[in-house]
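Here is a short briefing on a structure.

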Amino acid sequence: MQSSQQWVEKYRPRQVKDVAYQEEVIRVLTNTLETGSCPHMLFYGPPGTGKTTTALAIARQLFGPELYKSRVLELNASDDRGINVVRTKIKDFAAVAVGTSKRKNGYLCPPFKIIVLDEADSMTEDAQALFAFTQPSIAVQNALRRTMETYSKVTRFFFICNYVSRIIEPLASRCAKFRFKPLSEVIMSSRILYICKEEGLYLDTAALSTLSSISHGDLRRAITYLQSAARLFGSSISSENLISVSGVVPEKVVEAVLQACRSGNFDFANKEVNNFIAEGYPASQMLTQLFEAIVEENDLSDEQKARISKKLGEADKCLVDGADEYLQLLAVVSNTMKAFSNIPEEFAYEC
Amino acid sequence: MLWVDKYRPKTLDHVTVHTDIAHNLKKLVKEQDCPHLLFYGPSGSGKKTLIMAVLRQMFGSGAEKVKVENRTWKVDAGSRSLDIELTTLSSTNHIEISPSDAGFQDRYVVQEVIKEMAKNRPIDTKGKKGFKVLVLNDVDKLSREAQHSLRRTMEKYSAYCRLILCCNSSSRVTEAIRSRCLNVRINAPSEEQILDVLELIGKKEGLQLPPGFAARIAEKSNRNLRRAILTFETCRVQQYPFTSKQTIPPMDWEEHISEIASDIMKEQSPKRLFQVRGKLYDLLINCIPPEMVLKRLLHELLRKLDAELKHEVCHWAAYYEHRMRLGQKAIFHIEAFVAKFMSIYKSFLIATFG
């Protein structure tokens with residue numbers, strides 16, 4: 001039983017010029033393609049905006065399929081990337097000399113190699129679980145910096161990350177930085193419609209706008225949802241179908257919980273939370289959506305909103321730590337209820 | 001055989017509760033296009049039943065001939081080698097394990113053991129290249145690192161190995177894994193659905209059900225189908241023919257906790273705290289998960305409390321449950337909660353009654 005190819009891979013742009021919406025980046029890179037000169041590069045931006053795609057596309061366009069294997073090293077977060085890997089694997093690859101520039105089959109083949117480090121910021125994030133690892137990961141980045149200088153004649157590094165602030169300054173300052181913007185709704189829709197046409201899917205306008213809103217400018221996520229929905233529900237997809245595969249909590253349910261908060265009746269809210277958990281919705285998703293709803297709520301003062309948001313933040317942290325979903329959500333709802341009816345935040349009987 | 005097992009639907013066609021999900025799953029298997037699956041939902045909602053049914057749909061009745069094995073893997077972890085013991089449940093085409101059983105070594109289970117299983121490609125009877133399914137339980141209990149390693153395995157061996165993941169809360173599964181699976185949310189069955197199932201079982205067993213009796217069991221089950229059926233069978237053993245006023249036996253640990261709750265409400269003193277500690281220990285020794293104890297205790301206390309105290313108490317319950325997760329010994333945190341409650345309640349009593 002072969003699973004059909006992931007659409008994310010199938011529809012990944014192969015050429016730099018096909019990458020949507022990132023005009024500035026494309027302009028610089030097209031120049032690179034013509035001249036064959038290329039600095040170290042740092043791509044950053046939210047997920048699903050085309051960073052990896054761009055890096056792979058430019059490497060492919062520079063070297064062509066033949067030389068690709070010997071000239072490009074790709075490392076992402078799921079590979080082991082301790083300090084030893086940087087010291088050995090990357091160094092070994094970087095140290096190999098390459099021939100001078102010779103055009104081959106229409107590819108430029110400039111005289112350097114490329115190392116693509118995907119999810120460079122998670123070199124620290126992966127290690128978060130183990131406190132002891134925090135130091136070495138800075139060391140990893142430091143080790144990289146020496147490597148970069150030593151081998152910069154024959155090697156170019158492409159760093160890809162979500163948060164530029166997590167990359168240490170000495171590393172960042174050696175690179176040309178490119179920011180990738182979240183995709184606008186128009187661009188996203190046109191890409192989605194293109195895929196629908198290719199796959200023979202039917203998507204109505206409501207479903208299309210739902211898809212754009214639940215994926216928050218992340219094209220990869222939008223395509224994944226689309227594929228899951230297509231697998232489960234066939235070729236005609238409604239917005240309910242998309243919501244059910246994405247794990248997003250339906251508006252109705254969020255509204256019911258908010259209504260319970262407004263009512264000021266604790267037992268009623270408790271029942272509502274119990275219901276929510278029994279339906280199996282993820283609590284972390286609920287917190288996100290509750291936050292959106294609270295921000296847009298007209299009846300609340302800024303102070304009340306701040307109070308609720310503070311608690312949402314705390315609860316989210318607790319959930320990440322693995323705390324119980326029911327208890328956290330109940331605490332959030334109880335706090336929200338108190339904010340709605342302006343009961344002071346301090347507990348009356350605490351000593 | 002327990003009724004829970006006896007009346008577990010064996011195929012996707014016989015599933016009574018999540019018919020629409022079963023229908024969709026069947027379509028997936030039929031079209032030979034089955035992605036990795038992630039089932040999530042509260043316990044007793046039918047995740048396992050659906051998984052077994054999917055396996056049967058894929059492999060026919062061969063999926064039911066399972067053997068239980070206790071195996072030890074030798075894993076080379078840098079400077080030392082580790083022995084990891086795991087229980088596996090396997091047929092020719094699928095293997096089921098709970099990698100989180102290995103505790104903090106779960107990363108090695110994912111990196112070594114699962115990889116090894118995923119690598120070996122089975123060959124079916126016709127000499128064609130077959131594929132196999134790995135069922136992983138409790139993926140939400142896996143550590144972050146283990147989940148990161150899992151994601152690589154999912155991509156690398158996806159040509160002939162399908163993963164079916166099963167967990168309670170999908171919040172604790174990283175985005176990277178969720179986005180690589182088809183997520184299937186299994187909600188708890190409604191009381192009416194539970195009622196239907198109970199009546200069906202009653203009919204098949206040839207039992208006389210007094211009106212309202214099954215409804216009471218369904219109501220007490222907390223939308224947990226497994227629990228409803230077990231309670232139903234317990235009732236059958238205790239007294240048959242049923243009478244409409246027959247008491248439905250509560251779980252003994254729940255009774256124990258409600259005792260603790262009333263103890264706490266009656267007297268708030270260090271002495272009482274000491275007594276409660278003994279009872280809490282009783283529960284923990286009997287392998288009642290500490291977060292269940294805390295949740296149930298909160299439930300019991302909320303029932304008896306004044307409305308104005310409820311907010312405060314539920315805040316502290318959430319607070320101590322989180323601390324329990326971070327800490328090592330559950331008893332400290334449950335006891336801290338009890339002590340906190342006593343102090344709040346006492347000062348409330350003093351403020352109200354002087």
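Two strands pair if DSSP finds at least two bridges between them. Strand 2 of chain A and strand 3 (residues 113-117) of chain A are joined by four bridges and run parallel. The model is predicted. Its chains A and B bury about 5000 Å² between them.

**The sheet in chain A**

- Five strands form an open sheet in chain A, with parallel pairing.
- The strand order is 2-3-4-1-5.
- Strand 2 (72-75) and strand 5 (176-179) of chain A stand at the edges. Each has a single partner strand, so one side of each is left without a neighbour in the sheet.
- On average, neighbouring strands of this sheet are turned by 15° against each other, direction ignored.
- Within the pairing of strands 2 and 3 of chain A, which run parallel, A:Val72 stands opposite A:Ile114 of strand 3.

**A helix on the sheet**

- Helix 3 (residues 51-71) of chain A packs on the sheet.
- Helix 3 of chain A touches strand 1 (41-44), strand 2, strand 3 and strand 4 (155-161) of chain A.
- The direction of helix 3 makes about 135° with that of strand 2 of chain A.

**Extent of the A–B contact**

- Chain A gives 53 residues to the contact, and chain B gives 56 residues.
- The size of an interface is often given as the accessible area lost when the parts come together.
- Of the about 5000 Å² buried between chain A and chain B, 54% is on carbon and sulfur atoms.

**Polar contacts and the chain A side**

- Between chain A and chain B, 18 residue pairs are in polar contact, with both residues at pLDDT 80 or more.
- Five helices of chain A each supply at least two residues of the side that touches chain B: helix 10 (219-233), helix 13 (266-278), helix 14 (283-296), helix 15 (302-320) and helix 16 (325-340).
- Helix 16 of chain A provides the largest share of that side, nine residues.
- The side of chain A that touches chain B divides into 24 nonpolar, 16 polar and 13 charged residues.

**Salt bridges**

- Four salt bridges are counted between chain A and chain B.
- In one salt bridge, the side chains of A:Asp267 and B:Lys310 meet at 2.8 Å, N to O.
- Over all chains, the structure holds 26 salt bridges.
- A:Asp267 lies in helix 13 of chain A and B:Lys310 in helix 13 (residues 307-326) of chain B, so this pair joins two chains.

Terms used. Residues are numbered from 1 along each chain as its sequence is written. Chains are lettered from A and ligands numbered from 1 in the order in which they are written. This is a predicted model: local features need pLDDT of at least 70, side-chain atom pairs count only at pLDDT 80 or more; totals for chains, interfaces and linings use all residues. Side-chain values use heavy atoms; hydrogens and water are left out. Contact means heavy atoms within 4.5 Å. Buried area is the accessible area (1.4 Å probe) that two parts lose on being put together, summed over both. A polar contact is a pair of N or O atoms within 3.5 Å; within protein, one must be able to donate a hydrogen and the other to accept it, and residues adjacent in sequence count only if both atoms are side-chain atoms. Ala, Val, Leu, Ile, Met, Phe, Trp, Tyr, Cys and Pro count as nonpolar, Asp, Glu, Lys and Arg as charged, and the others, Gly among them, as polar. Axes are lines fitted to C-alpha atoms, for helices over the stretch in contact, and angles run from 0 to 180 degrees between N-to-C directions.
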